[in-house]
Amino acid sequence: MYFIQLDAHGLTTYLSPLGSSYRVSSGLVHTRTGFQLSLTVSRRGPLYGQTVTDLVFEVDYETSERLHVKIRDKDNKQVPVPNSRLGLVRPILDAPASDPNYELKYSASPFGFQVTRTLDGAILFDTTAFPIVFEDQYLELSTAIPKESNIYGFGESPSLSLTKQANSTTSIYARDAACPFSENVYGAHPFYMEIRDGKAHGVLLLNAHGQDVIVRNDRITWKLIGGIFEFYYFLPQDNRPNSVVRAYTDLVGKPMMISHWMLGWQHCRWGYHNIDEVENVVKAYRDHEIPLEVKWIDIDYMDTYRDFTMDPVNFPETRMRAFSNELHANKQRIVVMVDVAKAAFEDYEPYVRGKSLDVFVKNPDGSDYIGQVWPGYTVFPDWFHPNVTQYWNYEIGLWMSRLDLDGVWIDMNEPSSFCLGSFGSDKLNTLPSNLEPWKLPKEAIDLMHKEQEAALHQMARAVSPDETRNLLYPKYAIHNGWGNLSEKTMATIAYHYDNIAHYDVHSLYGHGECSTTRNALLNYKNNERPFILSRSTFSGSGQYSGHWTGDNWSTWDYLKSSIVEILNVQMFGISYSGSDICGFNGDAEEELCTRWQELGAFYPFARNHNVKDAISQEPYLWKSTAEASRKALAIRYALLPYFYTLFHVSNQLGYGVWRPLIFEYFDQETFANHSTQVLIGTDILISPVLDKGATTVEARFPADTIWYDWYTHEPTPLHGSPSTITLDAPLTHIPVHVRGGSIVPLKTPKLLVTDTFVTPYALFIALDTNQEAVGQLYIDDGHSVHQEAVSGITFTIKDAVLNAHGRFDYLNSENLDAIKIASYRNVAFTSARVETAKGGTTQHVVRRDGALLIVEGLNISLSDGPFTIHFI
């Protein structure tokens, strides 16, 4: 049997052993950007569905670093991810890539294919030793991997391991569950990265159906319950992990750009009894001199848990509006929750307006699908309906304006429902017998479930006879944590606009809400960067929304796993992300909360949040937690211009704000599964305490790199290989280091973001062994979508000369006032001569303060153009 190797320029052949269930049935047809082949089944009977006999294999050489491979049914009956903002907008290209970093090879009979890297000929994706199964409700495909592979990604699934372990199964299917380890939870991200021999590549299987991804020692296997195989391969020229993320986000969308205030410390809890308690929390933060930028309110504020309402007794609208006004007067912000399901009551205006526009998801008989969520019986907006934009723009705009809110927190959008199936349209204007059915005795729960399942089966009879699939119970059962695909969510026989079964788009529901909500916020204020935090996400959601990792627990394991989960979410292209600090479920205790506050102070999205009925965990309640919070947040706020620059880079290039060490030091295998430290960008290394009772950290440092202690400014020893150093970390201390060779922009930390940003800039220069360093600073107005002028400044120092060059167009920038220099060789400058673009020259004294050299009073404008400083 012959392998056919095809790239953008020609064909070659060579021999290779094969095995597959399809064969090429017609000649190659060239297309605008590649080619396609017809495939016909050659052997293997049905496993879990109806075999699709005729397939089309399509290849598009989209860019030099991105290859698009699709295996679809010839008749286009299978449902792919929509080519729209509700799924993924595919790029339209005119010609194939001229010099790709990859080659594609395929076998004619049996059919199989390989993707290789042109640089070294490494086979990165290889189906040839495994069957390809394509049925209406079961698709299977495998690729060979070497045993030394490091696999990252596939989510969302809480884990303590950064790499995917051999003999593991990851189910991808959006699900409301309180973060059980190794199970599917809120989002669906069918993307992975492999780092092999220090070189990285990425693969996206663009498919929104329920799926299992099985990693073995020698292969990765996908088992899908619908759709098509639509692969994208990412092979950047430099083979760096961060470049893979850049290439991935080139396709799915760059992470949203945040506003200044979104970098501030935030607080929430579920279980405030009234607005007085909320106001007292804000006051207590201020009294204890702990920063608080954003106050959140969970569903407590709602009138009988209905969205867009306020409890007239405990959270009356006049008090809520006054509270919002007071926060804004104090340069603080307010965000409240909006759940996705809407109460099915004819005296509830959001329901009435949605009903008039016919924008709610349907049952197969055409009636509104009615589930049960916090307000009782509920309907669900259909993000695929052409009227839903009008509906959501109005509801969100009206709600934002009533309280002058600063953003929207969208939750329960997997979507979550407390029952199995739809209750039917007869439940309008009525309440369930129990609003929290999980609290009933087991016998009652079992009986209720049996009744709901019978009703679901009855409703399934209304599914069109043209639907030949078993939408409720596909024969292949993915490892969904709830078992039944319709359990505790919208039933798979619910229907969206244009007769789309929920079975086919379940994991896109939250993604659709993210996109539609962003549009609504831009409609409300078209030049204000939208703030959205969503629980459920899909590939590309990061361009619309941030994400928190859901209902975690107040345990040491969840403190540890938060690093892994955030790093994964960053890789998925959602840079504005974090975990509930001190844990959501359960009772936090002082030591755990103290250590979590220290680490959480550096989350890209930093918010303390916990559940009702648990003890309070505001950081000022324990002396050690308060002290640790003040210290760690002072560092965060000093680093605000560094964070903001990183978010700009993320928005432009896609890089994560948080990164594992292996993404920067990919040739150092010791970091392959290292997740007890984290890099912020390239220059700040956080080494938190993650174990109860520990007062030291065994921190690993990369080879041939020096790092300066944030507090003492002393350098770490230089080693030719990765080294481990024991760092002291008493209870209120988190070790922080700055990379030698970096220039980090700083501000003077205050209690509020606005007050911090108006202070003058400073630079911390951490010289490398060659006495050189480089850094960047991005400046704009901190909130507008459309910027009239921005500054992007690069600082470099070499041979004792600091140069600042780039764009200096933002005219309202604060001046550069001070520079601090840390040196591995203890340099001894005594003066600094400043030369500006306007011809001015000033002389300044350099003084020593311990390990630092400091020059102050510079008063250099960052709006007047390039400048140079000579250190003498």
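The protein carries 72 positive and 102 negative charges, whose mean positions lie 2 Å apart; Lys and Arg count as positive and Asp and Glu as negative, while His and the chain ends are not counted, and each charge is placed at NZ of Lys, CZ of Arg, CG of Asp or CD of Glu.

## Basis of the values

This is a predicted model, in which local features need pLDDT of at least 70 and side-chain atom pairs count only at pLDDT 80 or more, whereas totals for chains, interfaces and linings use all residues. Residues are numbered from 1 along each chain as its sequence is written, and side-chain values use heavy atoms, with hydrogens and water left out.

## Disulfide and other cysteines

Searching the whole structure gives one disulfide, a term that stands for a pair of cysteine sulfur atoms within 2.5 Å. The partners are Cys582 and Cys593, with their sulfur atoms 2.1 Å apart, and the link is right-handed, with 85° about the S-S bond. Both cysteines are buried, meaning under 20% relative accessible area with a 1.4 Å probe and protein chains only.

Cys268 is also buried, at 0% relative accessibility, but its sulfur is 13 Å from the closest cysteine sulfur, that of Cys582, which is too far for a bond. Cys514 likewise has 0% relative accessibility and counts as buried, and its sulfur lies 17 Å from the closest cysteine sulfur, in Cys179, again too far for a bond.

## Overall packing

Of the 872 residues in the protein, 64% are buried, and the C-alpha atoms fill a box of roughly 85 × 75 × 50 Å, taken along the principal axes.

Notes:
Buried means under 20% relative accessible area, exposed over 50%, partly exposed in between (1.4 Å probe, protein chains only).
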